[in-house]
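These are my notebook entries on a protein structure. I set down what I looked up and what I found.

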Amino acid sequence: MDRNNTQAWKATLIWAIRHLTIRSVIMGSVFCFLLLDSIVSPPSGILPLRRIPFLTSDSISARHATPPVPCGWDNEASWKIGLYTGESPLHLHPQVPSLPIFTCAHILDPPISFVADPFLILPHEGSHTHNHSWFLFYEMKNLETNKGDLGVARSDDSGKSWIHLGTALSEPFHLSYPFVFFHNATQQWLLVPETNSVSEIRFYTCSIQNFPCSQNPGQSPLKQWQLHHSVKSLPRSKWVDTSILFHNNLWWIWSSEHFHLHLFYSQDLFLSSWHEHPKSPINLEHKNKEIGRSGGRPIVLHNSTILRFAQNDKTFYGEGVNVVKIDVLTTTEYQESIVHRYYPVEDTTFWNSKKLHHIDAHKIGEKEWIAVVDGDDVVEDFYFYQFEGWWRTAKIVVMWGLFVGMVASGLWSYFEGPTQ
């Protein structure tokens, strides 16, 4: 019996070697390549779509833009951050020379493809232990995880040069739009980022002593921003680009859902429930993509005029930023109107000659304003980015299909092979 079994095993092995060697080698080789492709050089792998000539046509065009070393590239964007100055939020102009103040090249670890959604903190805008420093918070596209993290940088020379301090906040899901401000009542810093992946509006906190709560690789996570709470009184939805303002003894939240801008108000930032404004969503249907998504921090001028910044994505993403004046803001009435439009700089030598979608403006003197602005000098090739994502998914599906096929072939060889 044992001898017969041994002979059967030998016969099966010989049959498998004769009949399955070529197929197994091919399947195994392709599987190993795709496995390596999914591990090395994320997110697009060793064989991204743009490297396949016969698949890269004019209709699926790969831009061969070269990002600043050591930036990565995933064909989504190459957003950068620059400074605008002017006499008011309605008269801001890019600085000359036409160079950004902060790019993904400032960040050595992890690999980053772009920085965007900048929020600036100046020394007089809250309490912290760095009396003369400027701080910059931003979204950074992490190519190791293929999602957005929040970074923070510091300048000790009034914005002329910047040092990336580390990651302010990283979650298992995508983060962007790091709306950060100082809460006087509790004497702590608050961060309200975009967390639409979990269908929540979340509040994170950082103490005065730990601000700006940045974490470098190897550091304890205790200095990162800590989740305080999520707003339970709001409906669960894919809220994006949440902006907050305290005005007339009430807290106001603007947040968007598919370019429908919703408005909420509350007497207390933490404790009381939030109420949706009776005029919410507040934007007209034909203006959804002109004013339906926040593009910066709302501000109150000395004459109590409220301005908010809205992305203008009417024709394409990053077409510009509209400045919206809020004419009436009460718990029952709301009216607003566009009073100024910012577009990318027409000069092609500028860093934001193609795209612009965020402005964070701050008053630094009498008729003297400064703003951090994001932009890009490359038109976003969203369709190619989308095709690249499909290609990446297809490679993973094929890899696991080969794995299942190899297992099935082995089982078939064992049960159906010759037994003599």
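The entries below cover the disulfide, the strands and a surface patch.

**Entry 1: the model.** I note at the outset that this is a predicted model.

**Entry 2: the disulfide.** I asked how many disulfides a search of the whole structure finds. The search gives 1 disulfide. I recall that a disulfide is a covalent bond between the sulfur atoms of two cysteines. Here the partners are Cys206 and Cys213, and their sulfur atoms lie 1.9 Å apart. I also looked up the handedness of this link: it is right-handed, with 90° about the S-S bond.

I then turned to another cysteine, Cys32. Its relative accessible area is 49%, and therefore Cys32 is classed as partly exposed.

Entry 3: I looked up the order of strands in an open sheet of 4 strands and found S7-S8-S9-S10, with antiparallel pairing. Which strands are the edge strands? They are S7 (176-183) and S10 (226-230), each of which pairs on one side only. On average, neighbouring strands of this sheet are turned by 30° against each other, direction ignored.

S7 and S8 (residues 188-194) are joined antiparallel by 6 bridges. Within this pairing, Val180 has Leu191 in S8 as its bridge partner.

**Entry 4: strands S5 and S6.** I found 5 bridges between strand S5 (residues 147-155) and S6, and the two run antiparallel. Gly151 stands opposite Thr167, which belongs to S6. Why is strand S6 described as largely enclosed by the rest of the structure? The reason is that 6 of the 7 residues of S6 (residues 163-169) are buried.

**Entry 5: a surface patch.** Finally, I looked up which residues form a nonpolar patch on the surface. They are Ile396, Trp400, Phe403, Val404 and Val407, and together they have about 470 Å² of accessible area.

Conventions: Residues are numbered from 1 along each chain as its sequence is written. This is a predicted model: local features need pLDDT of at least 70, side-chain atom pairs count only at pLDDT 80 or more; totals for chains, interfaces and linings use all residues. Side-chain values use heavy atoms; hydrogens and water are left out. Patches are made of residues with over 30% relative accessible area and no salt bridge: like charges are joined within 9 Å, nonpolar side chains (Val, Leu, Ile, Met, Phe, Trp, Tyr) within 5 Å. Accessible areas come from the Shrake-Rupley method with a 1.4 Å probe; for residues, only the protein chains shown count as cover. A salt bridge is a side-chain nitrogen of Lys or Arg within 4 Å of a carboxyl oxygen of Asp or Glu. Buried means under 20% relative accessible area, exposed over 50%, partly exposed in between (1.4 Å probe, protein chains only). Two strands pair if DSSP finds at least two bridges between them. A disulfide is a pair of cysteine sulfur atoms within 2.5 Å. Axes are lines fitted to C-alpha atoms, for helices over the stretch in contact, and angles run from 0 to 180 degrees between N-to-C directions.
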